[in-house]
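Please read the points below with the sequence and the model open beside you.

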Amino acid sequence: MTEQRKIEREDAKRAPKARSLFERADAAFGLDGLNPSKVPGNLPAAKVAPRPIKQKEEAASAVAPRTQPAPLSGAAPHSAEPAPAPAPKVERAVTLCGPRMEIDRDYMIAADLIVPEDPVTGLLEEFRIVKRELLADARASDDDAARRILICSPLPGEGKTYCATNLAIALAAERDIEVVLVDADMINPSITRRLGVEAGAGLMDALADKTLKPEELVSPTDIDGLFIMPAGTSSALDAEYLTSSRTAEVLDRLTRGAPNRFVIFDTPPALAASPAAELAAHVGQALLVVRADETSRAALEDTRQLLSACPDIKLLLNAAQFSPSGRRFGDYGEREE
């Protein structure tokens, strides 16, 4: 087998090996002088003091609980659980605690009023329709004034006291409702007379004497849910008392905190005396009673202007003899075949 190897040139054998760039630089500038000096091997060893162990501190840190860093100045301290929000303050309704009244049923029959114990009549059905609209508007509002209802007429003899009394009796038949019937006709009070009960201190006494509590002048009756507040002692300053700030305080006290309490005001005719117009500013609904075929359009418009402080005025046509739809309540019942 033929041997193979690299053939060296003759001149390469004779010429010395060329030095690299780094070797020539070291020879010219002495780069070995830049290296760190060698440490003699016969130097004594350095004595390093051992670090003392703080046993007390280590023991304390092992036992003590980990604390939170102190809050920055002005910052509220961190709480694991937020404080509960305070419960809203609920005002309780005042209890109507006047002397109890027993209503004479014979007086009610003589005045052609609704008698709660009697069978359902056409008259009751008519006032059920009236009260439904008043109840719906009152419940749709968050304002206590919506549960204060003024009953008025333009002129005397149109049946406003008759309608106010029957409406109060029909409302009291609702479950869980209290109805306060207020005789606000100081000139001709007739609520107590129609119901056969004794008149005593009432609305005007509460307005004139700030020491009196109005709830003590409102009397419960033997009709469930029905209360009566008489007109009270009349004077030449009745109109001035009604326009005072005391009126708002008294009426607010009767309805505040009592969402199921309604107050019905029987007022004098609006075109004959001023109380209706003055009380209109304290109620949320007004029922304007007009007599069919008797009340003029001019009287109706004038009354509406006087009651304009009330935001909701409704019209009730009384003593109507004709219904375009032919509706006659009270005729429906069991019939023989």
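1. Before any pairing is described, one term is needed: two strands are said to pair if DSSP finds at least two bridges between them. The model discussed here is a predicted one, and the values below should be read with that in mind.

2. As an overview, the protein holds 12 helices and 7 strands. Of its 337 residues, 36% are buried, and the protein exposes about 22800 Å², of which carbon and sulfur atoms supply 53%. When contacts between residues at least 6 apart in sequence are considered, 82% of them join residues at least 24 apart.

3. Strand 2 (residues 178-183), by contrast, runs parallel to strand 4 and is joined to it by 4 bridges, with M229 of strand 4 as the bridge partner of V182.

4. Which residues of strand 4 point one way, and which the other? L226 and I228 point one way from strand 4 (residues 226-229), while F227 and M229 point the other way, and all are buried.

5. D266 counts as buried because its relative accessibility is 0%, and, leaving aside residues up to four places away in sequence, D266 touches several others, including I151, K160, T161, V182 and D183.

6. R100 and E102 meet through their side chains at 3.4 Å, N to O, and both R100 and E102 are exposed. E125 and R128 also form a salt bridge, with the closest N and O atoms 3.4 Å apart; because E125 and R128 are 3 residues apart in helix 5 (residues 122-139), about one helical turn separates them. E125 is partly exposed at 25%, and R128 is likewise partly exposed at 30%.

7. In the salt bridge between R147 and D144, the distance is 2.6 Å, N to O. R147 counts as buried, with a relative accessibility of 6%, whereas D144 is partly exposed at 23%. Elsewhere, salt bridges that share partners join R105, E117 and D222 into one network.

8. How many disulfides does the structure contain? The count comes to 0 disulfides. As for individual cysteines, C152 is buried, with a relative accessible area of 0%, and C310 counts as buried at 4%.

9. On the surface, L155, L271 and L306 form a nonpolar patch, with about 220 Å² of accessible area together. L271 is found in the loop between strand 5 (261-266) and helix 11 (275-279), and L271 is partly exposed, with a relative accessible area of 35%.

10. Finally, Q321 lies in the segment after strand 7 (313-318) and counts as exposed, with a relative accessibility of 77%. Although Q321 and D293 are 28 residues apart in sequence, their C-alpha atoms are 9.7 Å apart in space.

Methods
Residues are numbered from 1 along each chain as its sequence is written. This is a predicted model: local features need pLDDT of at least 70, side-chain atom pairs count only at pLDDT 80 or more; totals for chains, interfaces and linings use all residues. Side-chain values use heavy atoms; hydrogens and water are left out. Patches are made of residues with over 30% relative accessible area and no salt bridge: like charges are joined within 9 Å, nonpolar side chains (Val, Leu, Ile, Met, Phe, Trp, Tyr) within 5 Å. Accessible areas come from the Shrake-Rupley method with a 1.4 Å probe; for residues, only the protein chains shown count as cover. A salt bridge is a side-chain nitrogen of Lys or Arg within 4 Å of a carboxyl oxygen of Asp or Glu. Helices (H or I, at least four residues) and strands (E, at least two) are DSSP runs, numbered from the N terminus. Buried means under 20% relative accessible area, exposed over 50%, partly exposed in between (1.4 Å probe, protein chains only). Contact means heavy atoms within 4.5 Å. A disulfide is a pair of cysteine sulfur atoms within 2.5 Å.
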